[in-house]
Amino acid sequence: MDKDSVNRPNIIGGSEVGVAISVDMDKNVVHQTNSLFWDTKGSDILGATSLPLYGAFVSEESCQLFGDVSGKKMLEIGCGSGQSLQYLGERNASELWGTDISENQIEKTRQHLTACGLSAQLICSPMEDKCGIPEDYFDFVYSVYAIGWTTDLEGTFCRIASYLKKDGVFIFSWSHPIHKCVAAEDNMLVFKKSYFDESWYSVSLGESTLTLSDRKLSTYINALSKAGFVIEQMLEQSDVEILQSCDDNNDFANKAKMLPVTFVIKARKL
Ligand SMILES: C[S@@+](CC[C@H](N)C(=O)[O-])C[C@H]1O[C@@H](n2cnc3c(N)ncnc32)[C@H](O)[C@@H]1O
């Protein structure tokens with residue numbers, strides 16, 4: 001084991017994977033590592049990350065954060081396979097835009113939307129960077145399990161605020177930081193990592209590597225506030241109906257009955 005390995009659980013998606021290797025955060029290296037992962041593996045490995053699901057056990061169908069999107073201009077950050085854009089396009093959004101760091105994910109979105117008879121403006125770019133997206137333009141900017149990949153949370157939220165019209169809405173979901181600290185072991189949930197540790201680490205999934213950090217909830221909330229957002233709603237609880245439909249032996253669902261595994265925030269640009 002490398003001298004810098006940190007022997008603690010790494011929970012990516014619903015399951016525990018590998019050992020964390022502490023790394024320094026270098027934006028270019030993180031982008032190179034992560035875009036290679038998404039170019040080759042895609043999001044299939046991580047499970048439920050597209051609308052109507054905000055994560056494995058939270059659905060837009062029951063929480064209705066978007067409301068009626070007909071005639072609205074939508075931008076997705078980290079559009080992945082394009083299924084969330086499809087969901088909103090089929091609900092008569094007037095314009096669909098998507099960005100993603102991975103060329104292959106952008107191509108997947110393009111093909112998926114074309115097959116569904118929809119079209120979108122798609123831009124391959126890291127969410128941190130200026131990339132030609134119009135400002136003061138969108139009614140909604142949203143992101144399902146992509147925001148946490150940013151190397152610059154405050155900068156990304158400021159950029160997102162610039163894309164929105166005044167009173168525009170930003171909705172995003174990500175792994176709940178408590179979920180990232182607690183592992184299932186011998187029929188118990190064991191706290192294995194400091195909630196306060198936001199250091200960067202790499203983790204291997206098969207032959208591929210991902211680099212990330214686990215931010216505290218307060219880090220997200222304070223960054224939203226600094227970027228000029230007011231939070232309208234935050235969800236932490238799993239949908240009881242989805243949990244009840246899961247097998248009794250589903251460890252992820254059993255964990256989700258005890259603690260939040262996903263959080264969703266709906267914020268408005270002031
Ligand atoms: C878990 S996937 C979710 C994608 C989408 N919600 C879906 O289900 O298809 C995360 C996405 O974020 C993208 N991503 C990772 N880092 C990024 C960055 N810095 N800027 C923009 N996109 C990024 C990945 O390429 C990937 O498509």
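Predicted model: local features only at pLDDT ≥ 70, side-chain atom pairs only at ≥ 80, totals over all residues.

So, the ligand: it's surrounded by 23 residues, and the closest are Thr49, Ser81, Asp100, Met127 and Val144. Numbering runs from 1 along each chain as its sequence is written, and side-chain values use heavy atoms, with hydrogens and water left out.

Which polar contacts does the ligand make, taking those as pairs of N or O atoms within 3.5 Å? A polar backbone atom of Thr49 sits 2.6 Å from a ligand oxygen. For Asp100, a polar side-chain atom is 2.5 Å from an oxygen of the ligand. And a ligand nitrogen is 3.2 Å from an N or O atom in the Glu128 side chain. On its own the ligand exposes 600 Å², and the protein buries 99% of that; those areas are Shrake-Rupley with a 1.4 Å probe. The shell around the ligand splits into ten nonpolar, ten polar and three charged residues. In that scheme Ala, Val, Leu, Ile, Met, Phe, Trp, Tyr, Cys and Pro are nonpolar, Asp, Glu, Lys and Arg are charged, and the others, Gly among them, are polar.

Most residues other than glycine have a negative phi, and most peptide bonds are trans. Leu51 and Pro52, though, are joined by a cis peptide bond, with omega about 10°. Pro52 is in the loop between helix H1 (27–40) and strand E5 (53–55); helices are DSSP runs of H or I with at least four residues, strands are E runs of at least two, both numbered from the N terminus. Asp136 has a positive phi, near 50°, and sits in the loop between strands E9 (121–124) and E10 (138–144).

On annotation, UniProt has an unreviewed entry placing "domain: Methyltransferase type" at residues 75–172. UniProt positions use the numbering here, feature names are shortened, and annotations may be inferred rather than shown by experiment. That span is 32% helix and 30% strand, and its end C-alpha atoms lie 12 Å apart.

That's my tour. Happy to go back to any of those spots.

Notes
Near = heavy atom within 4 Å. Polar contact = N/O pair within 3.5 Å; in protein donor to acceptor, adjacent residues only side chain to side chain.
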